[in-house]
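Welcome! Have a look at the sequence and the model below, and then take a short tour of a few of its sites.

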Amino acid sequence: MALKNIRLEVMQTIEKEVDNYIDQFLIPVEKIWQPTDLLPDFQKEDYMDEVTQIREEAKELGYDFWIVLVGDMVTEEALPTYESWLMDMEGVDQHGRNGWSKWIRHWTGEENRHGDTLNKYLYLSGRVNMREVEITTQHLINDGFEVGTGRDPYRNFIYTSFQELATNISHSRVGKIAKKKGNKSLAKMCTLIAGDEMRHHLAYRQFVKTIFEYDASEMMLAFADMMQKKIIMPAQNLRQSGGKMASAFDDFSNAAQRLGVYTTYDYIDILERLNSHWEISKISGLTDEAEKARDYLIKLPSRMLRIADRIKIPEDANRFKWVEPNGII
């Protein structure tokens, strides 16, 4: 009970600055880009010219690329799961509409645009079976996910700090591949989405840094616990129609690794960047247990690198119902 009370006190302390965090890390609705800014305007007479351009540019992108883009889009579309998960954290009062629930609603509002944008692009591209994609999205929301955080805000903020940077990396690299293939419109979409994800990462990273100032030992234990469990991806339970829960995730992940969109080395790099920013090695005054947790976190990247060097990624792409060959290579 005492530990729970300390967590609530820390959450209430940080909550006083939530409005400042919203001003610093989020963009007002009237100023931020919207999906229709990046997609054909069907109110214009020449909208079909823009649609035709999207479809022509889409022909230059290969099979693995479409698998990764669909997987990224479906991950974004499962937003209802993520909002309900964050709203359930200790210290969040969605009924009294406290500062934390305000942050989550505003964060959700920004994130919601990502799935809308990529969904419309995929539909217009004509390169994927949208019904199969929609089935996957519904399954992912139905199945939900368990990331090992419980209702603990410390563990939740470790997860979001890590995961927001991972999505930034993935969207950014998909955008670079699209640009290299001459697909400027998709490249711009992915780049803007990646920018949102980076701002969100910086916010959650700051939440954790502040918690370290107030409750260092418990924050260190929470960090180590999350890394021992491993940070699983939001799409961990990905599946297609007729498939079992999580049956498609490994194939999606392998496609991302083959393209270099998100790899095991990126996972390790994110851990190193978080260790560095939170200055894990310099934090003092820890309990004996937290000291051991800190030592574990410091040594973990090099341990993971040795394992990563031995991992072999399958060279052949498994066929997905989302993407029918139709000449795609």
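With a relative accessibility of 0%, H114 counts as buried (buried means under 20% relative accessible area, exposed over 50%, partly exposed in between, using a 1.4 Å probe and protein chains only). Before going further, please note that this is a predicted model, in which local features need pLDDT of at least 70, side-chain atom pairs count only at pLDDT 80 or more, and totals for chains, interfaces and linings use all residues. Residues are numbered from 1 along each chain as its sequence is written, and side-chain values use heavy atoms, with hydrogens and water left out.

**The first site.** H114 sits in helix α6 (residues 99-125); helices here are DSSP runs of H or I with at least four residues, numbered from the N terminus. Leaving out residues up to four places away in sequence, H114 touches W33, E76, I193, D196 and E197, where contact means heavy atoms within 4.5 Å. What does the UniProt record say about H114? Its unreviewed entry lists E76, E111, H114 and E197 under "binding site"; such positions are given in the numbering used here, feature names are shortened, and annotations may be inferred rather than shown by experiment. These residues span 122 residues in sequence, yet no two of their C-alpha atoms are more than 11.1 Å apart, so they gather at one spot. Among them, E76, E111 and E197 belong to the lining of the largest cavity. A cavity is a set of points on a 1 Å grid over the protein atoms alone where a 1.4 Å probe fits but cannot get out, while a pocket is an open set with protein on both sides within 12 Å along at least five of seven lines; lining residues have an atom within 4 Å of a point.

E76 belongs to helix α4. Beyond residues up to four places away in sequence, E76 touches E111, H114, G115, H171, I193 and E197.

**The second site.** The unreviewed UniProt entry also has a "binding site" annotation that covers E111, E164, E197 and H200. Although they span 90 residues in sequence, no two of their C-alpha atoms are more than 10.7 Å apart, so they gather at one spot. E111, E164 and E197 are part of the lining of the largest cavity.

E164 lies in helix α8, and H200 in helix α9 (residues 184-214). Not counting residues up to four places away in sequence, E164 is in contact with W107, E111, E197, H200, H201 and Y204.

| Residue | Relative accessibility | Class |
|---|---|---|
| E76 | 7% | buried |
| E164 | 5% | buried |
| H200 | 0% | buried |
| K230 | 56% | exposed |
| E279 | 36% | partly exposed |

**Two loop residues.** K230 is in the loop between α10 and α11 and has a positive phi of about 80° although it is not a glycine. E279, in the loop between α12 and α13, has a positive phi of about 50°, and E279 is not a glycine either.

**The largest pocket.** How big is the volume of the largest pocket? That volume is about 950 Å³. Of its 37 lining residues, the closest to the centre are I231, M233, Y262, T264 and Y267. Helix α11 gives the largest share of this lining, 7 residues.

Technical notes. Points joined across faces, edges and corners; volume = space filled by probe spheres on them.
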